[in-house]
Amino acid sequence: MPAFRQVGKKQLPNPVLCMAWSPKRDLIALASTTGELLLHRLTNFQRVWSLSPSEHIGKEITALAWRPDGKILAFSLGDTNQVVLCGVEKAEILHVFHMQNPVSCMHWMEVTEESSALGSFYQSEDESKLFLPKLASLPKSYSTTSKLFSEEKSDEIMNLLGEVRLNILVLGGHAGHVELYAYGMYKIATLAGVSGSCRTLSLASDLKSLAVITEVKSAEDQAEICFVQLDTGLLSDCLPELTRMARKFTHISTLLQYLHLSLTCMCEAWEEILMQMDLRLTKFVQEKNTSTQVQDEFLELLLWGQSSPELQALLMNQLTVKGLKKLGQTIESSYSSIQKLVISHLQSGSEALLYHLSEVKGMSLWKKKFEPLGLDSAAIEGAITAVGSFSLKTSELLQVIDKSMKNFKAFFRWLYVAMLRMCDEHVPPELNKMTQKDIAFVADFLSEHFSENEQLFDRKGKYFNVERVGQYLKDEDEDLVSPPSTKGNQWLKFLQDSAHLKTSPLLFPSFPQKSLHFVKRMMENVIELCLQKPAEVIGKSVKQAAFLTLYSAPQRSENMQRLFELPSLWNDKKAKMHNVVFCMPHVLPHRLYLLRKGSDPNRHIPNSVTSLNLSHHFDASEGESAEPRPHDVYRCLDARFYSDEMLTVILQGTEEDNSRSVLAQVPLSSTLNCESEFKWTPNLRLDQQSDSIPCQSLVLGNQWRELEGMKAQFVAVNGIREVACVLSENLRHLRVFEMDVEDEDDEGAEPQNDTAEQDTLDATMTSQGDESVEARNDEAGKNEEHLESEETSEL
């Protein structure tokens, strides 16, 4: 009876670039060469959802990583140098940030160290909920037209924080560029000076070191694979302070994303129809033959009830009675929506920003604890001031909206009655009453809005700007066309007369000439500078602890995908070690090597380098399908760490009569029982002293299975869920196995879910994903049948 049970197989239309199992769920993420991201469930390898490539995001996926809780999937894009955090439940893009260089590898780890200081912090972390109101969700109707965000995204964005326990997303790129992001959001370290290009990396769970596999060009212009260990002792020594700081800054980063999304909704609520009055008045000025101003034309209509033929044509033919009524309703509705968004989203979000920044400032004043991490109280004070200026600008916008709503309501009411009289139509009695005070109010409105705009039109050639709210929502560096009048403002006069208050740091500066977008962008830049300094300080504290040259890299074929190549890294949390598994096919192709380094750079590890001879005698007792062979010699195509004690490998026979592919489980204990210890000779590559590396024979027992009818090449495993996914040589054919059970006659039977929580999750994701994917599955059915027939003929 073959070991491992096959529970699904799939033939994909496009080659697979990356694959990664969820750490908590029976889900696997696949990235194809077309830039499509796929999520499949273990059961029958059913597709849950797919995320198509986008010009705004990118089309060239280079790496995948799951957040430790399995709720967020991160992927990098090489064509746009962006990293994207995607929600697993609804396939929603929650956060995007740019990188200086393309990302070639990533690793998302969770800190396992415990301390009394961290325990108290975990319990008190949610104290902000006692003082701050819950942030309002964004309305559905305003988020559906956005290109990057979908409905009710605000709740999802606030959930980006995840659990309080610190987790770090590590990103490695070309030219040795490495960055660390706390909770996947806040950059806590920028590392430079790592030799070569990063191929894979792993941060120890105790934060004492970072292991990186790099590809370095030698003096002979030959690629060499090297192991680099970086000492990150500052992160480990200041873990409680780092967690507090990172959590606060992640709150701040999330709130900035929330404010950005809120402002996007406000821009969508401000409709283009509000520009109708301005555009038509501009056209009226350009085409009118009289020398009178537009202000005089409307004042004559107001006082005498008579208008010039040109103004009458404008009102009756272009605006029309129905158009004016619709325009008035649209302006009132739009202004009301923007007003609600400012109050419930922008102001509440900026208040939360001030709260968290104030707490960070308190941390920075505790210099003994937080100064080593680079917290600068002066920079944080500047960020608080910038947020205060943004709050002042939101209050100014509210005043402009309130005044504009009153002005437009009175103006449109009078103009609507005047147009009804021009048409000799009946005027409702409730609209026909107009007091002398109402006439004076409309006259003041005409004088304030029309005279200034006619001068502006003559001077700059721009159109009228009767509508005053839209200028605040434009993302431009220019000053406001019609800034609010400060004439008669007693507070401003008091400030100008006071030499002490004018320069007081207690008062937030206002920018009356600038738009809301401009002040928001200025606030983001100041906060970004505030967040950068800790990353620079922590990055400079990281030093290289070890640099080992492993072997010269063989010439890579054009069809070989670098993302799947060995070496493979693994952090043993219990033993606190970095494990590296690799092959040296140009030296001894039938051997598999294991390198072990302690996460503490000063710790000595016995048997640090060992090897495994991949020659094995398969007999009938080990597998029913195996025929007795005198001696089988295999080479390793791929190897991944299944757990701390087990490797999952893809083996291929090297002899002419034995080219079969084998999926096997290799216990690491068989490689560590070495009596002799390897002594590394300095200034020599490991492959140049491979003869002296201790070697053990391969011991598989019954933990292997021949992959019949498949040219297997790569494997992805999840030891927690006890599953493995094997990928074929052409990168299109997938087979999924449960590794803890033997195969039976009902091959492909559905596995049972382990927990009730998994059942609930599957039901939720099925209802959300199946509807969107059903049509695509039907369309792709014929293609998959055709591809399967091609695969069969190829084999």
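Predicted model: local features only at pLDDT ≥ 70, side-chain atom pairs only at ≥ 80, totals over all residues.
Me: Which residues of helix 9 are buried?
Reply: In helix 9, which covers residues 309–319, the buried ones are Leu 311, Leu 314, Leu 315 and Leu 319. They span an arc of only 85° around the axis, so they lie on the same side of helix 9.

Me: And what is exposed on the other side of helix 9?
Reply: Pro 309 and Asn 317 are exposed on that other side, and the residue that follows helix 9 is Thr 320, with a positive phi near 65°.

Me: Switching topic, how many aromatic pairs are there in the whole structure?
Reply: A search of the whole structure finds ten aromatic pairs. One of them joins Trp 491 and Phe 494, whose ring centres are 5.9 Å apart and whose planes meet at 35°, so this pair is tilted. Both residues belong to helix 15 (residues 490–497), where, being three residues apart, they are separated by about one helical turn.

Me: What about Phe 582 and Tyr 593, how are their rings arranged?
Reply: Their ring centres are 5.6 Å apart with the planes at 15°, so the pair is stacked. Phe 582 is in strand 19 and Tyr 593 is in strand 20, so the pair links distant parts of the chain, eleven residues apart.

Me: Are those two buried or exposed?
Reply: Phe 582 and Tyr 593 are both buried, and together with Tyr 551 they form one aromatic cluster.

Me: Last one, what lies over the face of Tyr 183?
Reply: Arg 247 does, at 4.9 Å from the ring centre, while Lys 514 lies over the face of Phe 518, at 4.7 Å from the ring centre.

Technical notes: Residues numbered from 1 in each chain as written. Heavy atoms only, no water. Buried < 20%, exposed > 50% of the residue type's maximum accessible area, 1.4 Å probe, protein only. Helix = DSSP H or I, 4+ residues; strand = E, 2+ residues; numbered from the N terminus. Arc of directions from axis to C-beta. Phe/Tyr/Trp six-rings, centres within 6.5 Å; stacked < 30°, edge-to-face > 60°. Lys NZ or Arg CZ within 6 Å of the ring centre and 35° of its normal.
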